[in-house]
Amino acid sequence: MNKLAKYQKKRDFLKTKEPKGKIGKSFKKLKFVVQHHIATKDHYDFRLEWEGVLKSWAVPKGPSYNSQEKRLAIEVEDHPLSYRNFEGVIPKGEYGAGPVMLWDEGTWDPITNVKEGFKNKIFKFTLNGKKLMGNWALIHMEEKQWLLIKEKDEFSNDIVDLTKYDKSIRTGRTMKEIIRDESNG
Ligand code: MN
């Protein structure tokens with residue numbers, strides 16, 4: 001089955017500017033992206049490239065650099081690789097309506113076996129982003145629920161809340177500016 005079928009079925013590509021997408025070719029280094037998305041609920045979409053798509057989790061509170069903080073991460077449908085370039089506003093009435101900001105991006109490296117990790121209890125990896133760096137773990141709780149946790153390393157610290165870093169990694173825009181630009185354009 002097309003891994004993007006769920007993604008495509010939820011969206012009307014005549015109305016949203018999100019990419020229709022296709023199964024991509026993998027990059028030499030695996031990419032990751034985090035998108036701040038103010039939809040019905042404010043959340044951070046955490047996406048890891050794997051086998052031509054972006055494996056995706058919605059993290060309501062966003063990631064934390066404090067290794068004591070366990071952040072709920074809800075598994076959502078695979079997204080196309082090209083989604084890593086999407087910043088803009090999903091129109092009213094469409095799935096996920098609201099602004100999307102490219103909050104962080106970079107490459108990632110598995111620490112534990114990826115295939116096992118997605119199926120099993122625990123999956124560890126390194127992020128090489130601008131905001132997110134060092135070692136992280138996704139721990140499977142039940143059904144779609146995971147926990148995203150910073151591992152103790154030279155990058156972990158006491159900063160619990162990263163939402164004060166509120167500008168786009170690509171365009172430097174705030175959410176307000178993204179909304180303003182879209183309504184003028
Ligand atoms: Mn989202």
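Visitor: Why is H37 called buried?
Guide: Buried means under 20% relative accessible area, exposed means over 50%, and partly exposed lies in between, with a 1.4 Å probe and protein chains only. H37 has a relative accessible area of 8%, so H37 counts as buried. This is a predicted model, in which local features need pLDDT of at least 70, side-chain atom pairs count only at pLDDT 80 or more, and totals for chains, interfaces and linings use all residues. Residues are numbered from 1 along each chain as its sequence is written, and side-chain values use heavy atoms, leaving out hydrogens and water.

Visitor: What makes H37 a donor residue of the manganese ion?
Guide: Donors are N, O and S atoms within 2.8 Å of the metal (3.2 Å for Na, K and Ca); water is not among the atoms, so sites may look incomplete. H37 (ND1), H43 (NE2) and D45 (OD) coordinate the manganese ion at 2.1 to 2.3 Å. In sequence these donor residues follow the spacing H-x5-H-x1-D.

Visitor: Why is D45 called buried?
Guide: The relative accessible area of D45 is 5%, so D45 is buried.

Visitor: Why is E51 called partly exposed?
Guide: E51 has 38% relative accessibility, and therefore counts as partly exposed. E51 sits in the loop between β2 (42-50) and β3 (53-59); strands (E, at least two residues) and helices (H or I, at least four) are DSSP runs, numbered from the N terminus. Phi of E51 is near 50°, a positive value in a residue other than glycine.

Visitor: How do you know that E143 is exposed?
Guide: E143 has a relative accessible area of 72%, so E143 is exposed. E143 lies in the loop between β8 (133-142) and β9 (145-150), and its phi is near 45°, a positive value in a residue other than glycine.
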